[in-house]
Amino acid sequence: MSKPLILNEDRLFSADPAQRAVARELYALIKDYPILSPHGHTDPQWFADNANFGSATELFLAPDHYIYRMLYSQGYDLNDLGVGSKAGPSTADPRTAWKIFAANQHLFRGTPTAMWMNHVFGQIMGFDKRLDETTADEYFDRIGELLASDAYKPRALFERFNIELLATTESPTDTLEHHQKIRASGWKGRVVTAYRPDPVIDAEHEDFRDKLKVFADLSGEDVYSWKGYLAAHRKRRDFFMEMGATSTDHGHPTAKTANLSGAESEALFNRIIAGEFTSADAELFRAQMLTEMARMSLDDGLTMQIHPGSFRNHNQTIFETFGRDKGCDIPLATDYVNDLKPLLDAFGNEKNLTVILFTLDETSYSRELAPLAGHYPILKLGPSWWFHDSPEGMTRFREQVTETAGFYNTVGFNDDTRAFLSIPARHDVARRIDANFLARLVVEHRLELEDAAETIKDLTYNLPKAAYKL
Amino acid sequence: MSKPLILNEDRLFSADPAQRAVARELYALIKDYPILSPHGHTDPQWFADNANFGSATELFLAPDHYIYRMLYSQGYDLNDLGVGSKAGPSTADPRTAWKIFAANQHLFRGTPTAMWMNHVFGQIMGFDKRLDETTADEYFDRIGELLASDAYKPRALFERFNIELLATTESPTDTLEHHQKIRASGWKGRVVTAYRPDPVIDAEHEDFRDKLKVFADLSGEDVYSWKGYLAAHRKRRDFFMEMGATSTDHGHPTAKTANLSGAESEALFNRIIAGEFTSADAELFRAQMLTEMARMSLDDGLTMQIHPGSFRNHNQTIFETFGRDKGCDIPLATDYVNDLKPLLDAFGNEKNLTVILFTLDETSYSRELAPLAGHYPILKLGPSWWFHDSPEGMTRFREQVTETAGFYNTVGFNDDTRAFLSIPARHDVARRIDANFLARLVVEHRLELEDAAETIKDLTYNLPKAAYKL
Amino acid sequence: MSKPLILNEDRLFSADPAQRAVARELYALIKDYPILSPHGHTDPQWFADNANFGSATELFLAPDHYIYRMLYSQGYDLNDLGVGSKAGPSTADPRTAWKIFAANQHLFRGTPTAMWMNHVFGQIMGFDKRLDETTADEYFDRIGELLASDAYKPRALFERFNIELLATTESPTDTLEHHQKIRASGWKGRVVTAYRPDPVIDAEHEDFRDKLKVFADLSGEDVYSWKGYLAAHRKRRDFFMEMGATSTDHGHPTAKTANLSGAESEALFNRIIAGEFTSADAELFRAQMLTEMARMSLDDGLTMQIHPGSFRNHNQTIFETFGRDKGCDIPLATDYVNDLKPLLDAFGNEKNLTVILFTLDETSYSRELAPLAGHYPILKLGPSWWFHDSPEGMTRFREQVTETAGFYNTVGFNDDTRAFLSIPARHDVARRIDANFLARLVVEHRLELEDAAETIKDLTYNLPKAAYKL
């Protein structure tokens, strides 16, 4: 017998009646605010072409590493879950894959995935029964029908979700053709890009040399000279800004920065280009480029985001068979205090530069990030990220950051997702957790209710708008 | 005037009425479940000989490092607490030692020791007054009487505690004579061993060469050759499995693993045997042996437990005077992401291997352990361990692990104790904390009650049964 | 329209009615206890001269790095906030500076600064309206009037605050003239010094050689020889003890200790004096001096405090322009387990030595500090410090430390402040948080109410009194 799917209106609020009452009141103020999504990984082609999405498996299961990593950890094969490999698309029957997911809902108990999916199923897809083995077919069929309808096309959903702005992330080697098409289409939806130059900065990336070639072609610069390489970045940044970009994004293994002299930088760059570099050289080059990017941001005004601390593609077998980004990235301890110092020595006191820091290492919240952001004018803290984009994770973020950095050195929520349909769910979780955290401060008489009300509006809307210059 | 000893039936549950009500309901479902104790350090001789235990001091004080380390930290001498040294047994009068403990109950306020001991005193020994200076003699006398009775013999207590299975831990150099005797006795109690090869793997252990000799004798293999050494492990593992073992246990200073070629391994082994090795060699050998043990587990099916991150015998004076395991071990920061990679590269994607990870470094829960266990099929997370086997520690474990790894990549509770009489108390604490944690998810509408009910049964019984193949 | 300033009598207590009721009861027991402030940085000249304090800006804003670092992080210049630089005093108009602070109260929402300041404004200054743009002038004027009155002179406030003892911190190169003047004055207020020898121990400090010269002059010893240098420390310690010192304080970048032979120490010292030393030498010298200080403490009985783990003057520009201690210190990950071992090997088991450890790295609470203090007789844990001297920080301290170290290896609260008027507020926060934490243990049936009552008295008064030998 199937079980009812219930989205309780008090979900994520404390059970304490006093705190819950305040949380409700604060949440009510902002629950219908438009969504600002200044950092994410949706595909701009969806909004350019506005084609219908495919099956439930193609939309929800195969692209969502939160889901298939959990199933993989319990012994299911990625191919059987609809995940394509280097050999080509998955050979699994989408319905069969879906049934594996349906039959393993217990694995997701207590995870944010469970909350996000229930929100999507209940609120967006209209189900009133939970997904399980008994409802798997009904879900698969009904989702397929809905996705084939006009109301579930990308642009229609974008509008229904009340998204004011959505940023995608592209490499300098991307032509941004989809963004151009969106702009040319006359559609009112604001979809902008963000400049993520990792592929032409990380000399250890397997496609580095191929990407450099494209970088040269698109920029028309001699990217094999240090000057030309920097000029190419400036040109592409300008073009990205034409396509709406207000920020850059940098996903490095560490937070290391460097501030070499011009001659040292050029010598290092020449080693990189000659292919005669050590792993330490590659790390130093990434470090130097963060400082170069900050220098460019001072000129062109792009807000800079640093996302360090992930050991990418940790599972060697999966990397070889399935490629990158298959749920095999594992966080690393990250040092911000020493690593950021060269960049901060150079630009830390600037008033017209914003650098947003993220972490996968929660130990840095109270020890490093809050003290740094609570002092340096250029620094702001991004929200709890990736594995920590969750009720407990968000709560720890506020608990460990606020007392030193306050609320106003943070920048609101990022959904950071490829899972387009989960965007409202994710923002809703963040809004509820902020409401609940502020409510605790209120009922413990650490904050006045009217100040909490102003704060939650700022967290939801004004802070991201300002930090990302939207 | 003595104070009443009260074991409140709601202990460890939140004071919030809604959460408490759900916690009660969940706890009621499993409070009488039999105890599975798949990892611990009780003495098999107790169950083999079934002799009466000694005095209160001998049973509770002298062997319990939680207790005497706290008293030692406040200036009491170990000898005065009944703890034997290298020079021989303690010269203290047991009753006098007991009175020191009795007079210092305030030191244990807020510690799990206080809860465990009150449970033992109230539930198992039948006291209704608290231990303090005024009741010290009464306690000492009454406990002595009880321990001299048939009802308090090891096997009777085992049955009274409703223990379905109890694992001890032995070295490959142990003859397992007590386990053989238990099996030969026809007693129904299931006491099994576990294979802990540290003494013949850690070349830096002071008894390494002596232990190798015994290892040779018991296995009949040439343990001084790499092939013979591995063969000896295989033989002893087989024999341990005859004595009920379903798991191995590895207590290394770090989580380092290695995957050397056969020739490299042999060369390293030869340096170890020749006694011509550096500290780095010893570390590399321990690292390589974890991978060898995983390889053997693939063949014989033993579940593997890795307990890294303790600086053993940190107090040099105590080590020299009293020897090992005298409450002087201190946790170390532990890196799982880099250290486990060689083993994971070799066997991380196997479906017929289970490796259970423990930590003394809570920072690894959300940063490393949950992401690793939430991806690799072979990895599961052991419960919060040792210093963290406590209400706050267990709660942090669930809060920091569940959102990424779920409940189903964990393996239920381990009491990990030498303190036999505290086993029911420890399992009761774990059950209550799990009930309370699940109850919070329910009242915050993050989990349905019926799912919580299924989950707590799994945490209490089904998950340890599966992970340890009981 | 201005907003009412309300100090709710239940502030910082849980909203749960049961817990709150117990917290109230526990807090009532100790809220009027006298203040012991055994570690802080107030200026003894205040109490020696008993002159009136200056304006609101001079008293509250310009010297308080918690306040101006937050404003600086949002783009305000330090000079505009009244903070003096190397070029001289701030050129800002104090009233204008005050208005910046007044207009930015929202930045402090959720921070301890907000609670401390509201306590000062409401309780000590008698305001019933909150500070904001509309009340900035009124505040500035009224505070100026009050500070000009006799009732707000340092000694009058000291008495009004019910301070039983206040320790300041001075360098061996300080003549302690203010302390001498206080003693000579016949005033009853107990203001004592503490021995902080960092300036003559840290060879990397820019004033090291100048300080050594003063050290030589004041001690009359040949501080350029190892023997004379140690003798100078002993002499100055004796003099500090005459001026009431019961403790030393050591603020090193790491917790590193060393136990070199006499010859090695002397050779190291000679390199330091010759100015021919590496950064590693300077670190080793600081490490060795902690052990030397412990050795002296064994003789003279001074309690030793170690405050490691701050990257001082992280902001190079501010350091060059404004100098030290301008809110630019950032915590560092700190290793206690390896770093303290040499000192612990030498003196860890002494019964007549107390070493109090502090940290800015909260990850060490449960992993390192509680296990160390829960074992070694000489070790005690100082309260949560600096960035963690806050409701959440204090709560984490108790949650993460108590289960392993108990309450009785901690030493009560330190306000550690230069902000004299905030001392009652800070102690009040600590007392409330302890009451609230103990109340939770009581309502979760983990501690009896009568034991909690005894414990909070010990935390508030008896433990600091004993640890600091007051």
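Colleague: Which residue forms a salt bridge with Glu399(A)?

Modeller: In this predicted model, the partner of Glu399(A) is Arg440(A), and their closest N and O atoms are 3.5 Å apart.

Colleague: Where do Glu399(A) and Arg440(A) sit in the chain?

Modeller: Glu399(A) is in helix α18 of chain A, residues 391-405, and Arg440(A) is in helix α19, residues 423-443. The pair links distant parts of the chain, 41 residues apart.

Colleague: Is Arg440(A) buried or exposed?

Modeller: Arg440(A) counts as buried because its relative accessibility is 17%, under the 20% cut-off. Glu399(A) is partly exposed, with a relative accessible area of 21%.

Colleague: Which residues are linked with Glu399(B) in a network of salt bridges?

Modeller: The network takes in Glu392(A), Glu403(B), Arg440(B), Glu444(B) and Arg446(B) along with Glu399(B).

Colleague: How many salt bridges are there over all chains?

Modeller: The count comes to 132.

Colleague: OK, what about Asp299(A)? What does it form a salt bridge with?

Modeller: Asp299(A) pairs with Arg234(A), with the closest N and O atoms 3.1 Å apart. Asp299(A) belongs to helix α14 of chain A, residues 279-300, and Arg234(A) to helix α12 of chain A; the two are 65 residues apart. Asp299(A) is exposed at 57% relative accessible area, while Arg234(A) is partly exposed at 34%.

Colleague: You mentioned α12. At what angle do α11 and α12 of chain A pack?

Modeller: Helix α11 (residues 208-219) and helix α12 (residues 226-242) of chain A pack at about 65 degrees, with their axes 10 Å apart. The crossing of α11(A) and α12(A) is left-handed.

Colleague: Which residues make the contact?

Modeller: From α11(A) they are Leu212(A), Phe215(A), Leu218(A) and Ser219(A). From α12(A) they are Tyr229(A), Ala232(A), His233(A), Lys235(A) and Arg236(A). By class, that contact has five nonpolar, two polar and two charged residues.

Colleague: Switching to chain C. How far apart are the closest N and O atoms of Asp141(C) and Arg95(C)?

Modeller: They are 2.6 Å apart, and the two residues form a salt bridge. Asp141(C) is in helix α7 (residues 136-147) and Arg95(C) in helix α5 (residues 94-103) of chain C, so the pair ties together parts 46 residues apart in sequence.

Colleague: Why do you say the copies meet through different surfaces?

Modeller: Because only 4% of the interface residues of chain A are also interface residues in chain B.

Note on methods
Residues numbered from 1 in each chain as written. Chains lettered and ligands numbered in written order. Predicted model: local features only at pLDDT ≥ 70, side-chain atom pairs only at ≥ 80, totals over all residues. Heavy atoms only, no water. Axes fitted to C-alpha atoms, helices over the stretch in contact; angles between N-to-C directions. Helix = DSSP H or I, 4+ residues; strand = E, 2+ residues; numbered from the N terminus. Left-handed = near helix turned anticlockwise from the far one by under 90°. Contact = heavy atoms within 4.5 Å. Nonpolar A, V, L, I, M, F, W, Y, C, P; charged D, E, K, R; others polar. Salt bridge = Lys/Arg side-chain N within 4 Å of Asp/Glu carboxyl O. Buried < 20%, exposed > 50% of the residue type's maximum accessible area, 1.4 Å probe, protein only.
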